[in-house]
Amino acid sequence: MSTSYKELLAQREALEAQIEAARKQEVSDVVAKVRSLVADYGLTATDIFTSKRPNKATAGEAKFRDPATGKTWTGRGKPPDWIKGKDRSSYAL
């Protein structure tokens, strides 16, 4: 005996509702446990959410500086307008 398309859709909706209810309960339990551990050990957000990867925005060291504005450029990517088409040696740091 085969199940009809509409019956399968109804089963999927029921299953998705069960999945969402289980997720909400488990998330609630996990959040309570995490809060308890944070309080027990005196942790801060910085302790928990630190990244050991370098920040892409600060990963490159500046190699060129615009003397008029003080803006810098690492030499990577698209050159800024203040150095585009000019001799870069006069802007080198």
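How many salt bridges does a search of the whole structure find? The search finds 2, a salt bridge being a side-chain nitrogen of Lys or Arg within 4 Å of a carboxyl oxygen of Asp or Glu. The model is predicted: local features need pLDDT of at least 70, side-chain atom pairs count only at pLDDT 80 or more, and totals for chains, interfaces and linings use all residues. Residues are numbered from 1 along each chain as its sequence is written, and side-chain values use heavy atoms, with hydrogens and water left out.

**View 1. Salt bridge between Arg12 and Glu16.** The N to O distance between these side chains is 4.0 Å. Arg12 and Glu16 both belong to helix α1, 4 residues apart, or about one turn of the helix. Helices (H or I, at least four residues) and strands (E, at least two) are DSSP runs, numbered from the N terminus. Arg12 is partly exposed, at 48% relative accessible area, and Glu16 is partly exposed, at 45%. Buried means under 20% relative accessible area, exposed over 50%, and partly exposed in between (1.4 Å probe, protein chains only).

**View 2. Salt bridge between Asp81 and Lys84.** The closest N and O atoms of Asp81 and Lys84 are 3.2 Å apart. Asp81 is exposed, with a relative accessible area of 62%, whereas Lys84 is partly exposed, at 40%.

**View 3. Asp66, buried without a salt bridge.** Asp66 sits in the loop between β1 (64-65) and β2 (72-73). The nearest side chain of opposite charge is Lys86, 6.9 Å away; Lys and Arg count as positive and Asp and Glu as negative, while His and the chain ends are not counted. A polar atom of the Asp66 side chain lies 3.2 Å from the backbone nitrogen of Ala68.

**View 4. The ring pair of Trp82 and Tyr91.** A search of the whole structure finds 2 aromatic pairs. In the pair of Trp82 and Tyr91, the ring centres are 5.6 Å apart and the planes are at 50°, so the pair is tilted. Rings of Phe, Tyr and Trp (its six-membered ring) pair if their centres lie within 6.5 Å; planes under 30 degrees apart count as stacked, over 60 as edge-to-face and the rest as tilted. Trp82 is buried, with a relative accessible area of 14%, and Tyr91 is buried, at 13%.

Methods
Polar contact = N/O pair within 3.5 Å; in protein donor to acceptor, adjacent residues only side chain to side chain.
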